[in-house]
Amino acid sequence: MQVNPINNNLNRTETNTDKKKDLKIKAGVTAMSALGVASALAHVAKRQGFSLSPSVIKNTPVKDWAIFSLYSKKHPEKKILDLDEPLDIIEIAAASVAGGLAGGAIFDDKKHFKSKLRESVNQLLGNVLVPIACVGAVSVLYKKNKDKILSFVPQIKNSGKTAAVFNKALKAIPFSVATLASLGIGIFTGNRVSNVLNEKIFHKKVKREIKGSDFAPHVDDLGVALSLMAEKSPFVSFVQRTVPLFLCVPGVKTGTHREE
């Protein structure tokens with residue numbers, strides 16, 4: 001059987017064109033999602049007392065900018081941006097999804113917009129709101145019963161510095177485990193809510209499986225868990241600084257989504 005070289009070349013051309021188009025869409029959606037995250041992050045920073053004045057930013061060392069500033073034991077009074085409040089995370093995630101949706105509308109074919117709109121609801125509800133609500137509820141319950149829970153945690157009876165650090169780490173375990181467990185439950189529940197939402201409201205039966213990327217918006221919860229082991233440290237504040245990057249994921253997934 002002979003292969004027609006003309007048809008073969010046409011197929012290759014179409015494939016290359018599709019790849020270029022997909023790359024253009026993904027680049028545009030990523031840029032719009034990042035723009036949304038940057039805008040929300042600027043609003044959060046201003047709310048926490050950071051100046052958005054170009055002249056002030058220009059005269060401030062880059063290492064002291066809100067997004068780059070890390071906690072320092074030598075200068076505990078130094079202002080740093082905190083990204084562990086649920087409302088801040090929700091605001092940034094919502095801006096990411098809005099930016100991604102706008103990017104999808106601009107760079108992709110209009111026929112895919114409805115599916116992206118449905119995905120935006122899935123991302124916000126299933127991957128952000130429900131998991132954060134679960135983690136927040138567990139956090140409240142833990143704080144109310146903190147003393148009782150910690151009374152069951154064994155402690156080393158030693159006055160040394162090593163023992164003190166070890167005891168502190170032991171006391172951080174219950175909340176860390178509760179945070180990670182509630183996050184997993186939240187993402188699982190959010191996924192099921194998204195499936196029901198698609199079926200009952202959008203009248204489309206979709207079995208949306210949990211993916212590794214679904215955990216991306218919740219790196220902030222890792223920061224919360226770490227903050228209990230070392231209340232303030234350069235590493236914990238560094239983890240928080242990666243939150244905006246991970247929160248771009250819901251927006252990109254929204255803007256590039258297409259029905260299969």
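## Charged pairs, rings and cores

Mentor: The structure holds seven salt bridges, and please keep in mind as we go that this is a predicted model.

Trainee: Which residue does aspartate 109 meet in a salt bridge?
Mentor: The side chain of aspartate 109 meets that of lysine 21, with N and O 3.0 Å apart. The pair links distant parts of the chain, since aspartate 109 is in the loop between helix 3 (86-107) and helix 4, while lysine 21 is in helix 1 (residues 5-47), 88 residues apart.

Trainee: And how does aspartate 109 count, at its relative accessibility?
Mentor: Aspartate 109 has 29% relative accessibility and so counts as partly exposed, and lysine 21, at 33%, counts as partly exposed too.

Trainee: What about the salt bridge of lysine 116, which residue is its partner?
Mentor: Lysine 116 forms a salt bridge with aspartate 108, and the closest N and O atoms of that pair are 2.9 Å apart.

Trainee: Is lysine 116 buried or exposed?
Mentor: Lysine 116 counts as buried, because its relative accessibility is 0%, and aspartate 108 is likewise counted as buried at 5%. Elsewhere, salt bridges that share partners join Arg47, Asp88 and Glu91 into one network.

Trainee: Switching to rings, how many aromatic pairs does the structure hold?
Mentor: The structure holds one aromatic pair. The rings are those of tryptophan 65 and phenylalanine 68, and because their centres are 6.3 Å apart with the planes at 25°, the pair is stacked.

Trainee: What lies over the face of phenylalanine 50?
Mentor: That is lysine 79, which lies at 5.6 Å from the ring centre of phenylalanine 50.

Trainee: Now serine 115, where is its place?
Mentor: Serine 115 is in helix 4, which covers residues 113-144, and it counts as buried because its relative accessibility is 3%. A polar atom of the serine 115 side chain lies 2.7 Å from the backbone oxygen of histidine 112.

Trainee: And which residues does serine 115 touch, not counting those up to four places away in sequence?
Mentor: Serine 115 touches His257, Arg258 and Glu259.

Trainee: Last topic: how many residues has the largest nonpolar core?
Mentor: The largest nonpolar core has 18 residues, and those with the most contacts inside it are Leu81, Leu83, Ile92 and Leu247. Helix 1, helix 3 and helix 4 are the elements that give two or more residues to this core, and helix 1 gives the most, with five residues. Apart from this core lies another, of five residues, among them Tyr142, Val153, Leu170 and Phe175.

Methods: Residues numbered from 1 in each chain as written. Predicted model: local features only at pLDDT ≥ 70, side-chain atom pairs only at ≥ 80, totals over all residues. Heavy atoms only, no water. Helix = DSSP H or I, 4+ residues; strand = E, 2+ residues; numbered from the N terminus. Buried < 20%, exposed > 50% of the residue type's maximum accessible area, 1.4 Å probe, protein only. Polar contact = N/O pair within 3.5 Å; in protein donor to acceptor, adjacent residues only side chain to side chain. Contact = heavy atoms within 4.5 Å. Phe/Tyr/Trp six-rings, centres within 6.5 Å; stacked < 30°, edge-to-face > 60°. Lys NZ or Arg CZ within 6 Å of the ring centre and 35° of its normal. Salt bridge = Lys/Arg side-chain N within 4 Å of Asp/Glu carboxyl O. Core = buried A, V, L, I, M, F, W, Y, C linked by side-chain atoms within 4.5 Å.
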